[in-house]
Amino acid sequence: MNTAMYEAATSRQVFGYVLILVAGVVLVGGLIWAFRLGFKVRQREPAPPLPEEQPKLPPTGPVRETSEMREPRDVPRTGEEGERLTPHQLDNIRSRRADDQRRPRWSPGSSGSFGGGGGGRT
């Protein structure tokens with residue numbers, strides 16, 4: 001009786017080991033397949049640009065950025081009839097250069113941010 005019980009337990013153990021081995025082989029096979037697929041996709045992509053194909057600076061030198069204060073353009077008003085405007089009548093609401101080009105600063109005595117830890121205005 002004891003031998004039969006040990007044999008049954010051993011056969012279940014061997015089945016578990018075989019199942020783990022098969023799962024490992026399938027997993028490794030899937031990883032190899034994914035690597036080969038990625039390699040093939042990479043081969044179809046264009047090569048990176050050569051140094052001669054890189055963008056060049058203009059003859060005048062590097063382009064400088066400008067910093068200016070902008071203010072929004074007003075939303076168009078409705079006519080005398082008082083009808084509402086539809087989205088195609090609004091078009092893009094752009095901004096324009098502000099007359100006052102001074103940068104806004106924090107008020108004196110203010111901490112500069114919410115929860116900044118400063119004393120704030122008293």
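These notebook entries record what I looked up about salt bridges in this structure.

Entry 1, ground rules. I am working with a predicted model, in which local features need pLDDT of at least 70 and side-chain atom pairs count only at pLDDT 80 or more, while totals for chains, interfaces and linings use all residues. Residues are numbered from 1 along each chain as its sequence is written, and side-chain values use heavy atoms, with hydrogens and water left out.

I looked up the salt bridges (a side-chain nitrogen of Lys or Arg within 4 Å of a carboxyl oxygen of Asp or Glu) and found that the structure holds 4.

Glutamate 68 has a relative accessible area of 34% and is partly exposed (buried is under 20%, exposed over 50%, partly exposed in between, with a 1.4 Å probe and protein chains only). Arginine 70 is likewise partly exposed, at 42%. I also noted that Glu68, Arg70 and Arg97 are linked in a network of salt bridges.

Arginine 96 lies in strand 2 (residues 95–97) and glutamate 71 in strand 1 (residues 70–72), so the pair ties together parts 25 residues apart in sequence; strands are DSSP runs of E, at least two residues, numbered from the N terminus. Arginine 96 is partly exposed at 39%, and glutamate 71 is partly exposed at 26%.

I found a salt bridge from arginine 102 to aspartate 100, with the closest N and O atoms 3.1 Å apart. Arginine 102 counts as exposed at 66% relative accessibility, whereas aspartate 100 is partly exposed at 42%.

Technical notes. Helices (H or I, at least four residues) and strands (E, at least two) are DSSP runs, numbered from the N terminus.
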